[in-house]
Amino acid sequence: DTGKRQFLASIWSKVELAVEWQMEHASRYGLTEDLVNTFDEHGQIGDVNSYNANSCISSLSAAILLGRETSLANATFMDRIVKSRDRALEALDKLLWTGTFYRSFWCANGQTSPNALQSDSLYGALWDQVIGLNSTLPLRNLV
């Protein structure tokens with residue numbers, strides 16, 4: 001649709017800025033770090049938390065979809081986004097998967113989260129499915 005493409009073209013530079021920010025803040029661990037969100041409980045945020053991790057993956061997947069559907073992104077930028085999203089998916093399991101469930105947060109200093117995860121921590125994964133991003137989030141582990 002021409003109207004959609006024109007709209008996306010008009011905001012694409014802002015999308016690129018947002019994606020760059022996301023990738024920069026995920027450069028150390030593969031997932032965004034040290035970000036506060038409204039669902040953090042008892043002041044335990046962790047270096048990486050599930051809420052922001054799932055949102056990170058879904059936002060990178062959305063950027064991939066937009067870039068591919070509109071051909072607005074150059075190939076180098078698209079490659080960087082795909083690599084960042086794939087690294088984020090690996091980090092999700094490496095840092096937050098316990099073998100049974102996703103923990104609330106992970107800390108580089110070894111502090112672990114309690115054996116609890118608020119369901120709203122999976123909000124990014126929900127949007128991933130509702131919008132049809134198919135970012136390959138491991139849904140088998142989310143239920």
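I take a crossing as left-handed if the near helix is turned anticlockwise from the far one by less than a right angle, and as right-handed if clockwise. Helices (H or I, at least four residues) and strands (E, at least two) are DSSP runs, numbered from the N terminus.

The model is predicted: local features need pLDDT of at least 70, side-chain atom pairs count only at pLDDT 80 or more, and totals for chains, interfaces and linings use all residues. Residues are numbered from 1 along each chain as its sequence is written, and side-chain values use heavy atoms, with hydrogens and water left out.

**Entry: helix 1 and helix 3**

I looked up how helix 1 (residues 2-25) packs on helix 3 (residues 75-96), and found an angle of about 40 degrees with the axes 11 Å apart. Axes here are lines fitted to C-alpha atoms, for helices over the stretch in contact, and angles run from 0 to 180 degrees between N-to-C directions. Helix 1 is therefore oblique to helix 3 (under 35 degrees is roughly parallel, over 145 roughly antiparallel, 65 to 115 roughly perpendicular, the rest oblique). I noted the crossing of the two helices as left-handed.

I then listed the contact residues (heavy atoms within 4.5 Å). Helix 1 supplies Trp12, Glu16, Val19, Glu20 and Met23, and helix 3 supplies Phe77, Arg80, Ile81 and Ser84. Sorted by class, the contact has five nonpolar, one polar and three charged residues. The classes are Ala, Val, Leu, Ile, Met, Phe, Trp, Tyr, Cys and Pro as nonpolar, Asp, Glu, Lys and Arg as charged, and the others, Gly among them, as polar.

**Entry: salt bridges**

Side chains of opposite charge can pair when their charged atoms come close. I found four salt bridges in the structure, each a side-chain nitrogen of Lys or Arg within 4 Å of a carboxyl oxygen of Asp or Glu.

One of them joins Arg80 to Glu20, with the closest N and O atoms 2.8 Å apart. This pair links distant parts of the chain, as Arg80 is in helix 3 and Glu20 in helix 1, 60 residues apart. For accessibility I used relative accessible area: buried under 20%, exposed over 50%, partly exposed in between (1.4 Å probe, protein chains only). Arg80 is partly exposed at 36%, and Glu20 is partly exposed at 30%.

Asp79 pairs with Lys83, the closest N and O atoms being 3.1 Å apart. Both lie in helix 3, four residues apart, about one turn of the helix. Asp79 comes out partly exposed at 37%, while Lys83 is exposed at 53%.

I also looked up Glu33 and Arg28, whose side chains meet in a salt bridge at 3.2 Å, N to O. Glu33 is buried at 12%, whereas Arg28 counts as exposed at 54%.

**Entry: loops**

Which residues have a positive phi although they are not glycine? I noted Asp34, with a phi of about 55 degrees, and Ser71, with a phi of about 60 degrees. Asp34 lies in the loop between helix 1 and strand 1 (48-49) and is partly exposed at 47%. Ser71 lies in the loop between helix 2 (50-70) and helix 3 and is exposed at 57%.

Last, I checked Thr32, placed in the loop between helix 1 and strand 1. Is Thr32 buried or exposed? Thr32 is buried, at 2% relative accessibility. Not counting residues up to four places away in sequence, Thr32 touches Gln22, His25, Ala26, Asp47, Val48, Asn52 and Cys56.
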